Amino acid sequence: MKFNLIFGGLVAAVAGLAFFVVTFERPPVATEQGGFRGTSMGRVENPRTVAVVNARNVAPPALEPAEDDPTSPRASEIYENVRVLGHLSVEQFGRIMQAMTEWVYPGEGENQGCNGCHVEGNFAAEGKYQKTVARRMLQMVQTINTTYNSHVQQVGVTCYTCHRGQAVPAAVWATSPPNARLHRLLSTAPEQNRPVAANALSSLPTDPFTPYLLRDNPIGVQSSTSRQADNNSSILGTEWTYSLMMHMSSSLGVNCTFCHNSRNFSGWQDSTPQRVTAWHGIRMVRAINNDYIEPLRPEFPPHRLGPLGDTLKVNCTTCHQGVNEPLRGARMLQDYPELNPPPRRAGLEQPARN
């Protein structure tokens, strides 16, 4: 009996130690106050984790600037079949092509370097789908840097913001096939209780992107008055919303109070300015997915599509990758004016597809 008690106590102690090891982080941790004292508007960070995340969010050194003599020939006058960046000088065009190569296809080989988008020996040819996609992505970058200043501010985006030296960005998503058995109807629709990176390893629905970052479903779940007649919110809708919030929190490396006031999560008047920025970001991501990426579905080969045949789309992690400002706020667009729209498109005009 005594042996059993001792053994049982050891098992309980080991189990308890394992729980603490996998549940809590080793101190010290740093707390940054984000609101009035005593309101729980704080941000808790582990310096060791922050150092790792910061190390993978470093912008590459900028290439030497290129001259833009207004009297010099334009790229479209010298090279064949230049449809998007033809307004640049030859020097600027060569510079941005070199930068894009390093950002997206930095290696050497059959489908690396210039050959990532171009047919070897004939750069004007249309033989590769990557060239069509690259054109459309350039137009997307131009639109983001003009129409969506409310989200990207003066920092802007470049190809590197998403790609980070890879042909396909590391953080993309596509619709996944159902994982639940057909007779488990309550679990099939939202695909809950299956922790994945998309929902920050929670028990919430695994696909918060289709309803909110592709479709335009309402995200709010709390009515402003009691017993509101037209309030169609449900527990399931609430869980989907919280799954998106968990994704955003994980993507930016922040907690809920980065955008919301702990006293009143739904009230905009009490929220931080970052909530407005996030509001615009949600709409920017929807536009990217619907206006630029999904229409390219016919261009992609099967191995570049998801398991159900849809495109690989973007979410918050695609750019942010664990920090609230992509690349820690590095102003790469300032170093690459070639990615700004041509002067005639400098307003809010949507660029035509080429």
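This report walks through a predicted protein model, from its overall build to a few individual residues.

Before we dig in, residues are numbered from 1 along each chain as its sequence is written. As the model is predicted, local features need pLDDT of at least 70 and side-chain atom pairs count only at pLDDT 80 or more, while totals for chains, interfaces and linings use all residues, and side-chain values use heavy atoms, with hydrogens and water left out.

**The overall build**

The protein chain has 13 helices and two strands (DSSP runs numbered from the N terminus: H or I of at least four residues for helices, E of at least two for strands). Out of 354 residues, 40% count as buried (buried is under 20% relative accessible area, exposed is over 50%, and partly exposed is in between, with a 1.4 Å probe and protein chains only). Take the contacts (heavy atoms within 4.5 Å) with a separation of 6 or more: 63% of them are between residues 24 or more positions apart.

**The core**

Which residues have the most contacts inside the largest nonpolar core? They are Ile96, Trp103, Tyr336 and Leu339, in a core of 57 residues. Here, a nonpolar core is a set of buried Ala, Val, Leu, Ile, Met, Phe, Trp, Tyr and Cys residues joined through side-chain atoms within 4.5 Å. Elements giving two or more residues to this core include α4, α5, α10 (235-252) and α11. Leaving aside neighbours within four places in sequence, Trp103 is in contact with Ile96, Tyr336 and Leu339, among others.

**Charged pairs**

Side chains of opposite charge can pair when their charged atoms come close. A search of the whole structure finds 10 salt bridges (a side-chain nitrogen of Lys or Arg within 4 Å of a carboxyl oxygen of Asp or Glu). Here are some of them:

| Pair | Closest N and O atoms |
|---|---|
| Glu126 and Arg83 | 3.7 Å |
| Glu338 and Arg95 | 3.0 Å |
| Lys313 and Asp310 | 2.8 Å |

Glu338 sits in the segment after α13 and Arg95 in helix α4, so this pair ties together parts that are 243 residues apart in sequence. Both Glu338 and Arg95 are buried. By contrast, Glu126 is partly exposed at 36% relative accessible area, and Arg83 is partly exposed at 41%.

**Cysteines without partners**

How many disulfides does a search of the whole structure find? It finds zero, a disulfide being a pair of cysteine sulfur atoms within 2.5 Å. Cys114 is partly exposed, at 39%, whereas Cys259 is buried, at 14%.

**Two asparagines in loops**

Asn199 is in the loop between α8 (185-188) and α9. Is Asn199 buried or exposed? It is buried, with a relative accessible area of 0%. Leaving aside neighbours within four places in sequence, its contacts include Arg194, Pro205 and Met246.

Asn115 lies in the loop between α4 (90-104) and α5 (129-147). Asn115 is buried too, with a relative accessible area of 14%.
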